[in-house]
Amino acid sequence: MNPRHAAWLFLAPALLVLGVFFLLPVIAALALSLTDYDLYALADVRNLRFVALGNYWALLQRPLFWSALGHTVYFVAVGVPLSMAASLGAALLLNSPLARCKPFFRTALFAPVVTTVVAVAVIWRYLFNTKYGMANYALGLLGVHPVDWLGDPHWAMPTIIAFAVWKNFGYNMVIFLAGLQAIPADLYEAARIDGASAWRQFRHITLPMLGPTLLMVGILTVSGYFQLFAEPYVMTEGGPLQSTTSVLYLMYEEGFKWWNLGSASAVAFLLFAIMFAVTALMLRLARRGAHADGEAA
Amino acid sequence: MSPRFARAVVNGLLAGGAAVALFPLLWMLSVSFMAPGEASALPPPLLPAHPTLHNYRELFVHAGMGRYLLNSLLVSSAITVLALAFNLMAGYAFAKLRFAGRERLFQALIGALVIPAQVAMLPLFLLLKYLGLVNSYAGVVVPAMASVFGIFLVRQYARAIPDELLEAARIDGAGEGRIFVQIVLPLLKPIMVTLAIFTFLAAWNDFLWPLIVLTGQEHYTLPIGLASLAREHWQDSELMMAGSVVTVVPVLALFLALQRYYLEGLLLGSVKG
């Protein structure tokens, strides 16, 4: 057997799995989104009709789709910057020569990342319980009135964002920490000799050197946060008053509660298109920013 | 700012951050040993007055947690073993074996990473229904048997294997299968450990797909079982915390034991990509 044939034998199992259980379904999803596949079609395929872009058109006219998109964008727009700031802050602290017991702190800060979303979301539901929750008790000590964290439409999403930041910041922290450690120490040395303050060192050395890492982490975090689902499923069931219904939550309900698989596929593709557009825009803006910097310099 | 003060600020902030990160987990552990109803009091108690295993007994005897735990172990182990085998083979082929279209095929796989998994889920459900795999362990395992991320990770690592080593073995008359098993696999051991933890943790923590494909309680994995338990037993916070402990502790322990490999994989999969 020559290496060329061997290569295809080695590739076959993985490619088969990815082809049959990922690529094929993705193509089928596109086709499905152009049909009215529902409970009747599930029972008998002859009930299936081609509706072209009908599902997309109907979705764009449904207030629930727009509100789900609005909640998702809210979660991404507030949650991603907060998560990245927490990650960067923690990484800067861990990277400081003044920090003690670094391995312990790194492990402790990273621990929430490996936990199961469902299990820790349950914990948060109790910690943010209106009557007996630790959060309201602590605020009460400061004289703040109890907040109905998960029952008030204004507070439910902020609570979920706080949860997501707590759960996820450790992941990017580790990536940032590696990025910070890769910055040559003599850059800071030179800046110190020039009398640059800590803030100026951060602004003119740390941030530019970390630029590519920040961009990559930002894009990955944005695409991850667009896929909000388990948190509202466990903490609020999409409520109160649908204030935490995300696009993916809508897809799940549309597809597996009401069995409108055609319409649910259209939701999935719209989400994909939006994610793609947003991340492409981020890349573009970052390139233009880098280009402008280059010209200024 | 004096150096002493700066040191106090840095370490104080780190300690505060660690406390915020760990508090919910420690609180969960503590409440899981409380008597029913004990946590619903003001002020909220931090430690159980009389630690009891009542909640754990209740979970395993009446709530079927033992079954969920076994299901999770079974499904996650099966996924880990199969995905490890398939991703190792494919990653090695992309890194070290020459064939027409290799780079283009690999680029296409990487390109597929932009498609979120949820897009495939609806037709995948129909496909598995057609194959009779809905509500079975296989329904969870089969789609997870290979991953682009895993292949990518192995390829990155396997590229460091010197070609001369493989050539020498070929000249000695060793077949490609034997080269893979006897020469390549031992060299890939570190990345095997890394990939195994990643795959196991992801399988253990996965929620949306098992929720869709597992329709009967007898096949529920821990996260699905816990979520359904939460809807039934919302008032029993002590019982729910015990359930969370059972779900979280195995993965947390695995991570603590093999932390170095996990963090290395995280960096290999992101920064160097």
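Visitor: Is A:W124 buried or exposed?
Guide: The model is a predicted one. The relative accessibility of A:W124 is 7%. Buried means under 20% relative accessible area, so A:W124 counts as buried.

Visitor: What kind of aromatic pair do A:W124 and A:F128 form?
Guide: The two ring centres are 5.0 Å apart, and the planes make an angle of 15 degrees. Planes under 30 degrees apart count as stacked. The pair of A:W124 and A:F128 is therefore classed, with its 15 degrees, as stacked.

Visitor: What kind of aromatic pair do B:F149 and B:F198 form, and how many residues apart are they?
Guide: Their centres are 5.5 Å apart with 50 degrees between the planes, and the pair is tilted. B:F149 belongs to helix α7 (residues 148–158) of chain B, and B:F198 to helix α10 (residues 189–205) of chain B. The pair thus links distant parts of the chain, and the separation is 49 residues.

Visitor: Over which ring does the charged end of A:R125 sit?
Guide: A charge sits over a ring if, for Arg, CZ is within 6 Å of the ring centre and within 35 degrees of the ring normal. The charged end of A:R125 is 3.5 Å from the centre of the ring in question, that of B:W234.

Visitor: At what distance from the ring centre does B:R231 lie over the face of A:Y233?
Guide: A:Y233 is a member of one aromatic cluster that also includes B:F125 and B:F207. B:R231 lies over the face of A:Y233, and its distance from the ring centre is 4.3 Å.

Visitor: Is α6(A) roughly parallel or roughly antiparallel to α12(B)?
Guide: Helix α6 (residues 117–127) of chain A packs against helix α12 (residues 222–232) of chain B with axes 8 Å apart and an angle of about 25 degrees. Angles under 35 degrees count as roughly parallel. Hence α6(A) and α12(B) are roughly parallel.

Visitor: Which residues of α6(A) make the contact with α12(B)?
Guide: On the side of α12(B), the contact involves B:P223, B:L226, B:A227 and B:A230. On the side of α6(A), the residues are A:V118, A:A119 and A:V122.

Definitions and conventions. Residues numbered from 1 in each chain as written. Chains lettered and ligands numbered in written order. Predicted model: local features only at pLDDT ≥ 70, side-chain atom pairs only at ≥ 80, totals over all residues. Heavy atoms only, no water. Phe/Tyr/Trp six-rings, centres within 6.5 Å; stacked < 30°, edge-to-face > 60°. Buried < 20%, exposed > 50% of the residue type's maximum accessible area, 1.4 Å probe, protein only. Helix = DSSP H or I, 4+ residues; strand = E, 2+ residues; numbered from the N terminus. Axes fitted to C-alpha atoms, helices over the stretch in contact; angles between N-to-C directions. Parallel < 35°, antiparallel > 145°, perpendicular 65-115°, else oblique. Contact = heavy atoms within 4.5 Å.
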